[in-house]
Amino acid sequence: MLSNTRTFLTRRAFVAGAAAAGLALAGCSVEQPLEPETPAPEGSGEPYADPVAEASGVATTLSAAVAYEGGDANPVGASSGVFLAAGWHVFEGLYELDMHTYRAELGLAADAPVQIDDLEYEVTLREDTVFSDGAPLTSADVVNAFEKNMDNELYGAFLSFIAGVSAPDERRVRFRLLAPMGSILQERLALVRVFPASMTDEELAAKPVGSGPWCYDAVNASEGGRITFTANRNYSGQWPATCERMEWLVLLNDEKRTDALTSKRVMAMEAAPEVQSEDIEEAGATVEWVPGFNLPFLMFNCEKPPFDDARVRQALLYAIDVDSLIGSVMAGHARAATSLLPDYFRHYHRAATVYSYDPEKARKLLAEAGATELALTLRVNDNWVSALSGAIVEDWRRVGVTAEVVQLDTTALFADLSTAPEPGTLLPFDVVLSPGDPSCFGNDADLIISWWYGDNVWTRARSRWATAPAFAELTELLAQARATTNGDEQQGIWNQCFDIIAAEVPLYPLFHRETATAWWSATLDDYDPIAATGLNFLGTTPMREADPI
């Protein structure tokens with residue numbers, strides 16, 4: 001479990017009272033439009049004027065710059081960093097995962113699941129919950145959300161322990177499980193975000209409706225675009241919006257994102273770049289580094305020779321001087337991988353195979369595999385990991401491997417790697433370098449393993465590791481771990497999983513990165529950065545500066 005805990009300051013009590021007394025929070029429904037107001041010029045980032053906010057010291061708009069783009073806002077199978085984070089604000093699950101502690105708290109559920117028998121549980125919804133458009137939220141909406149996510153190629157692996165879900169009445173949801181899941185049941189149920197069952201796929205992609213404290217106003221999550229939110233006055237949970245509006249600028253470029261913060265067009269930014277952190281602090285903003293899971297990984301085409309030989313995959317990892325990468329590119333804000341999980345996560349196990357820098361061992365493994373004159377193409381995501389590629393290619397050159405780098409954006413990188421090839425054909429890649437962070441969904445071992453190594457698009461259509469005998473072994477071990485409620489026994493099985501993954505390395509981390517977030521402390525009250533990718537402003541209040549910074 002991550003050690004950072006959340007502190008609840010008295011400012012929150014003040015904000016809740018102020019909102020109830022008349023902050024005039026804007027709703028999302030057509031029936032409850034925003035009050036007329038004069039917006040700032042497009043792109044200025046200046047907050048909207050509001051006399052009540054002026055008097056209270058609370059700003060009308062909370063502004064931020066995000067570092068990742070996304071295709072659409074559909075919460076079903078959401079995996080982009082920007083829409084996962086937006087979803088924390090727009091939707092609710094039965095349970096809410098506190099992204100600071102990774103503990104499951106009550107969301108739409110009125111209480112913890114009630115056990116009916118060994119494999120059946122029932123959850124009762126809190127009373128009188130409605131969506132932001134005023135429509136009642138019922139158990140039928142919850143069942144629909146679960147069924148759609150269970151059918152999703154990514155989330156299906158996370159939810160494979162559910163045999164079926166039903167609605168005995170409008171406030172009760174019943175789950176029939178294939179495995180008891182023990183202490184992580186509520187955390188896994190928190191994955192599914194609830195929306196009206198009546199919404200079409202097109203509506204979900206464009207501007208979905210939820211029951212969370214915020215609702216979408218305008219959605220453009222492409223580079224240079226923005227996502228705007230308005231407060232949901234129909235929200236009945238524990239984290240009401242603290243101002244009228246929220247605006248996220250989508251700025252993938254580190255310099256543009258940093259400029260947006262230092263020029264005070266935004267109050268916070270995610271992924272503060274290591275090389276500019278001193279400049280940000282000199283400007284007066286705060287930069288905080290939180291140890292997290294975010295990592296760069298190498299993914300191999302496990303069906304294409306010679307990468308179908310685990311010795312070649314191992315050699316390419318032994319050949320990389322990860323400590324040098326951490327020092328030169330990450331300014332020391334990372335920790336070399338000794339397992340799939342970082343050593344500060346719960347369920348951590350130091351893998352039997354650890355890839356410390358060993359060029360001689362790399363050469364030996366390549367020779368044993370008959371790949372001494374290996375030439376490959378390295379597909380590189382054009383975000384922050386691209387800065388690592390030059391040193392990696394040079395390290396490989398030292399062991400006799402020639403690599404050509406091809407940089408692609410995320411969409412192009414995986415466009416032709418997300419469908420299983422026809423029998424007898426191979427996917428058109430050798431090795432991929434890209435970032436990943438499934439801790440956005442949770443931090444238990446089963447979830448993290450299932451993300452990249454479950455029976456899903458990663459193993460079936462990307463790494464193609466699902467055709468390897470070790471994949472079947474890992475799948476059986478995961479099923480055994482889910483079936484036990486004994487914590488020590490479960491950990492022992494997961495340890496075997498970590499060892500298999502470290503030996504096979506169809507996809508494997510180089511290091512685990514500290515998550516850097518920057519913000520103006522005078523304008524964000526009760527803000528606490530998280531370890532995962534994304535920004536979380538639940539309970540945070542935007543303030544007008546009392547004194548110049």
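The legends below accompany close-up views of a predicted model.

**View 1. Helix 8 and the elements packed against its buried residues.**
Helix 8 spans residues 254-262, and within this stretch Arg257, Thr258, Ala260 and Leu261 are buried. These residues cover an arc of only 155° around the axis, which puts them on the same side of helix 8. The buried residues of the helix pack against strand 1 (61-66), strand 11 (268-270), helix 9 (277-282) and strand 19 (511-519). Beyond the helix comes Lys264, whose phi is positive, near 65°.

**View 2. Arg513, a buried residue of strand 19.**
Arg513 belongs to strand 19, and at 6% relative accessibility this arginine counts as buried. Its side chain makes a polar contact with the side chain of Glu274, at 3.2 Å. When residues up to four places away in sequence are not counted, Arg513 touches Glu274, Gly292, Phe293, Asn294, Met330, His333, Ala334 and Trp384.

**View 3. The open four-stranded sheet with the order 4-5-7-6.**
The pairing in this open sheet is antiparallel, and its edge strands are strand 4 (114-117) and strand 6 (162-169), each of which pairs on one side only. Neighbouring strands of the sheet are turned against each other by 25° on average, direction ignored. Strand 5 (residues 120-124) and strand 7 (residues 172-177) run antiparallel and are joined by five bridges. Across this pair, Tyr121 stands opposite Phe175 in strand 7. Helix 4, made up of residues 139-150, lies across strand 6 and strand 7, and runs at about 165° to strand 6.

**View 4. Val312 and its contacts.**
Val312 is part of helix 10, which covers residues 310-318, and this valine is buried, with a relative accessible area of 0%. Leaving aside neighbours within four places in sequence, Val312 is in contact with Pro306, Phe307, Leu366, Ala369, Ala371 and Leu374. Although Val312 and Leu374 are 62 residues apart along the chain, their C-alpha atoms are separated by 9.5 Å.

**View 5. The buried face of helix 13.**
In helix 13, which runs over residues 386-398, the buried residues are Ser386, Leu388, Ser389, Ile392, Val393, Asp395 and Trp396. Seen down the helix axis, these residues fall within an arc of 160°, so they line one face of the helix. Just after helix 13, Gly400 takes a positive phi of about 90°.

**View 6. Two buried cysteines, Cys440 and Cys497.**
Cys440 is buried, with a relative accessible area of 6%, and Cys497 is likewise buried, with a relative accessible area of 0%. A disulfide is a covalent bond between the sulfur atoms of two cysteines. Counted as pairs of cysteine sulfur atoms within 2.5 Å, the disulfides in this predicted model come to zero.

Conventions. Residues numbered from 1 in each chain as written. Predicted model: local features only at pLDDT ≥ 70, side-chain atom pairs only at ≥ 80, totals over all residues. Heavy atoms only, no water. Buried < 20%, exposed > 50% of the residue type's maximum accessible area, 1.4 Å probe, protein only. Helix = DSSP H or I, 4+ residues; strand = E, 2+ residues; numbered from the N terminus. Arc of directions from axis to C-beta. Pairing = 2+ DSSP bridges. Axes fitted to C-alpha atoms, helices over the stretch in contact; angles between N-to-C directions. Contact = heavy atoms within 4.5 Å. Polar contact = N/O pair within 3.5 Å; in protein donor to acceptor, adjacent residues only side chain to side chain.
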